[in-house]
Amino acid sequence: MKLEDIDKQNIFKVPDKYFDQLPTKIQSRINDSTASKSTLSWNLFLKIATPVFALVLLFIFIEKNNQEPMPTAGDYLAQVSADDLIAYLGDTEISADEILEELDISENDVDLFDDESLLQEFELDDMEINAVIDEYGIDGKVL
Amino acid sequence: MNYGFNLLVRKYQQKIYWHVRKMVIVHDDADDLVQDIFMKVWKNIGSFREDAQLYTWIYRIATNECLNFLRKKKNKFFLPIHDVQHELSEKLNNVHDIDGDEIQLRLQKALLKLPDKQRIVFNMKYFDEMKYEEIAKITDTSVGGLKANYHYAIKKIEAYLKEN
């Protein structure tokens, strides 16, 4: 038997009004899928967002507790030795008067300056005085 | 589902249903598959390239879904190919929603002897009277390969009809 001897027929049948109802069934499935997808998305968002939010809060809390105060200019200055400070001030053009104006000197500090023993090291012999006069070109009359 | 997609379903539902039904034989399976196919069309309509014809693209999805369904069916029950063919052949005898004479049933049983891909090509060419070029686009096969495939399918069917 040849294939061409057989009539082309569709032998399958469908239930009544099947093709009238099929678009509605498909529409219903699409609507369900869209609804479940949005629920799924929201649940997924919560699952991810909650631990991330907790981590951010934890980070802020730790940062706040561990934060050290910013060092002040005074703190930095305290780390410099007195000798370095004197050497620095010697190289600058700040006058002794300007330094004294900036200092907060109490009466006790003034008493210290009255202590003659402190001035002993400033006693110069003639040779040292002459060297100073030569260096700074000071007129002998001033002294 | 918007109005445009509803029109699309109404336009193609019968062609796609019969394409699927001839492959899976049972109405309930075909019904599930057709719904799955249009769900896929709905989800992927954005990626549809306008240079391709819409019906070719939908047919392609339908063809892949049918072949996947039959492959899963074989894997699910750990059945060799001939057992699934036998199962579908038995359903041709049992299902109440088949209306054909003896020769038509014999033709359907002969078709079930073909490999799934060969059967789907035969259906598109013989029943749907599609051009080889169209089938080539759907199955991603060369026209020459399809012609050879169809030729071998006819030989096998006629041999079966002669023996039975």
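What follows is a set of questions and answers on this predicted model.

Student: How many helices and strands does chain B have?
Tutor: Follow chain B from the N terminus. The elements run α-α-α-α-α-α-α-α. There are zero strands, and the helices come to eight.

Student: What percentage of the residues of chain A count as buried?
Tutor: A residue is buried if 20 or more other C-beta atoms lie within 10 Å of its own. In chain B, which has 164 residues, 30% pass that test. Chain A has 143 residues, and the buried part is 2%.

Student: Which residues is V20(B) in contact with, leaving aside neighbours within four places in sequence?
Tutor: V20(B) is one of the residues with the most contacts inside the core. Contact here asks for C-beta atoms within 7 Å. The residues that qualify are A30(B), L33(B), V34(B), A62(B) and C66(B).

Student: Which helix of chain B gives the largest share of the side that touches chain A?
Tutor: The contact takes 28 residues from chain B and 20 residues from chain A. Helix 1, helix 2 (27-44), helix 5 (102-111) and helix 8 of chain B each supply at least two residues of the chain B side. The largest share is seven residues, and it comes from helix 1 of chain B.

Student: Which residues of helix 6 of chain B meet helix 1 of chain B?
Tutor: The crossing of these two helices is right-handed. From helix 1 of chain B come H19(B), K22(B) and M23(B). Facing them in helix 6 of chain B are R119(B), I120(B), N123(B) and F127(B).

Student: How does helix 7 of chain B lie relative to helix 8 of chain B: parallel or perpendicular?
Tutor: Helix 7 (residues 132-139) and helix 8 (residues 143-163) of chain B pack at about 105°, with their axes 9 Å apart. The range 65 to 115 degrees counts as roughly perpendicular. Therefore helix 7 of chain B is, relative to helix 8 of chain B, roughly perpendicular.

Student: Which residues of helix 8 of chain B meet helix 7 of chain B?
Tutor: Helix 7 of chain B brings Y132(B), E133(B), I135(B) and A136(B). By class, this contact has five nonpolar, no polar and two charged residues. The partners in helix 8 of chain B are V143(B), L146(B) and K147(B).

Student: What handedness has the crossing of helix 3 and helix 7 of chain B?
Tutor: Helix 3 (residues 54-76) of chain B packs on helix 7 of chain B at about 55°, with axes 8 Å apart. That makes the pair oblique. The crossing is right-handed.

Student: Is K91(B) buried or partly exposed?
Tutor: K91(B) is found in helix 4 (residues 81-94) of chain B. Buried needs 20 or more neighbours, and exposed means 12 or fewer. K91(B) has 15 C-beta neighbours inside 10 Å, so K91(B) counts as partly exposed.

Student: How far apart in space are K91(B) and I25(B)?
Tutor: K91(B) touches I25(B) and V26(B), not counting residues up to four places away in sequence. In sequence, K91(B) and I25(B) are 66 residues apart. In space, C-alpha to C-alpha, the distance is 7.4 Å.

Definitions and conventions: Residues are numbered from 1 along each chain as its sequence is written. Chains are lettered from A and ligands numbered from 1 in the order in which they are written. This is a predicted model: local features need pLDDT of at least 70, side-chain atom pairs count only at pLDDT 80 or more; totals for chains, interfaces and linings use all residues. Axes are lines fitted to C-alpha atoms, for helices over the stretch in contact, and angles run from 0 to 180 degrees between N-to-C directions. Helices (H or I, at least four residues) and strands (E, at least two) are DSSP runs, numbered from the N terminus. Angles under 35 degrees count as roughly parallel, over 145 as roughly antiparallel, 65 to 115 as roughly perpendicular and the rest as oblique. Two residues are in contact if their C-beta atoms, placed from the backbone, lie within 7 Å. Ala, Val, Leu, Ile, Met, Phe, Trp, Tyr, Cys and Pro count as nonpolar, Asp, Glu, Lys and Arg as charged, and the others, Gly among them, as polar. A nonpolar core is a set of buried Ala, Val, Leu, Ile, Met, Phe, Trp, Tyr and Cys residues joined through C-beta atoms within 7 Å. A crossing is left-handed if the near helix is turned anticlockwise from the far one by less than a right angle, and right-handed if clockwise.
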